[in-house]
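My notes follow in the order I looked things up.

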Amino acid sequence: MSLARHRPWAGAYSTEALCARILERHRQVVRVQKTPVAVANLARIITATLRLSNKQGFHATSLRELAKASGLSMGGLYTYFANKPMLLSMILGEVMATASEVLRAPPEAVAMDAVAHLNWLIATHIRLSEAMQPWFVFAFMEAKSFPPAERQIALEGEVDTESIIAEVLKQGAASGVFVIGEVGLTAALIKPLLQDWYVKRAKYRKRGTTIETYIDAVTAFVGAALGAGTAAAGRASRPAFGQG
């Protein structure tokens, strides 16, 4: 069983917990001094934002609609952010910061073993996207319509995740447990397998695919493609993954 399965996902990455982190980073902007009140209202605002965006898109959502959906006044909204781009930046910043923070902190038990580390990354990314599903979907689906600055944030987050995967692939290739042609390309090919779980949730729900089944399937597929554990024996007889 993956060590990632023992993480307290639901509590650590609840909307309230994430909004508390947002408040810490944006204390100079938020004009509400009482932390419990500020966190609760940020949670209402962001929950409403994610729900409306999923229905009609962030670009098409007005602040008046957001005020009504969150139960706050227009003036109340402006005590938390100055404009829509700032709200967008708050949400994107939390998605990217949390993903990077979590994926860059593997347990010591797996960090030195490339196969175990890669398996941990796969499981951890999928579990994190499950815990933060509306946030991840928002960042992925809305990216094309983001203003340039926010689109750059989303792009940097994508690149960061791929670089984390690439670091482990490079370690495995160097130690002979993976057969890889181009490390960067291979990481880029693995990333959509992780995204598919939260982007196409309805498809897997209809098939009755559980998160455990999906994690195991992706782990097995990637491991087989990389020749995990048998790379040295097969290196001379087959092409490297990501090559050609």
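I began with the largest pocket and read its volume as about 300 Å³. The model is predicted, so this is a value for a predicted structure.

I then listed the lining of the largest pocket and found 20 residues. Those that lie nearest the centre are M96, A154, G157, E158 and K191. I sorted the lining by element: α6 (84–103), α9 (133–141), α10 (148–175) and α11 (183–199) each give two or more residues. Which element gives the largest share of this lining? I found that α10 does, with eight residues. By class I noted eleven nonpolar, five polar and four charged residues in the lining of the largest pocket.

Next entry: the second largest pocket. I noted a volume of about 210 Å³ and a lining of 13 residues. L50, R51, N54, P134 and V137 lie nearest the centre of this pocket. I looked for the elements behind the lining and found that α3 (35–56) and α9 each supply at least two residues. The largest share, six residues, comes from α9. The classes here are six nonpolar, five polar and two charged.

I also checked the second largest pocket against the domain bounds. Domain 1 (8–82) and domain 2 (92–237) each provide at least three residues of its lining.

I went back to α11, one of the elements in the lining of the largest pocket. How far apart are the end C-alpha atoms of α11? I read 25 Å. With 17 residues at 1.5 Å a residue, α11 should span 24 Å, so the two values agree.

I then asked which residues of α11 are buried. My list is T186, A187, I190, K191, L194, Q195, D196, W197 and Y198. I looked up what covers the buried residues of α11 and noted, among others, α8 (114–131), α9, α10, α12 (201–207) and α13 (211–226).

How many cavities of 30 Å³ or more does the structure hold? I counted one. The largest cavity has about 40 Å³ of space, and I listed T49, F58, T61, S62, L63, L66 and K84 as its lining. By class, three of these are nonpolar, three are polar and one is charged.

Definitions and conventions: Residues numbered from 1 in each chain as written. Predicted model: local features only at pLDDT ≥ 70, side-chain atom pairs only at ≥ 80, totals over all residues. Heavy atoms only, no water. 1 Å grid on protein atoms, 1.4 Å probe; cavity = no way out; pocket = protein on both sides within 12 Å on 5 of 7 lines; lining within 4 Å. Points joined across faces, edges and corners; volume = space filled by probe spheres on them. Helix = DSSP H or I, 4+ residues; strand = E, 2+ residues; numbered from the N terminus. Nonpolar A, V, L, I, M, F, W, Y, C, P; charged D, E, K, R; others polar. Domains from an automatic or database assignment. Expected span 1.5 Å × (residues − 1). Buried < 20%, exposed > 50% of the residue type's maximum accessible area, 1.4 Å probe, protein only. Contact = heavy atoms within 4.5 Å.
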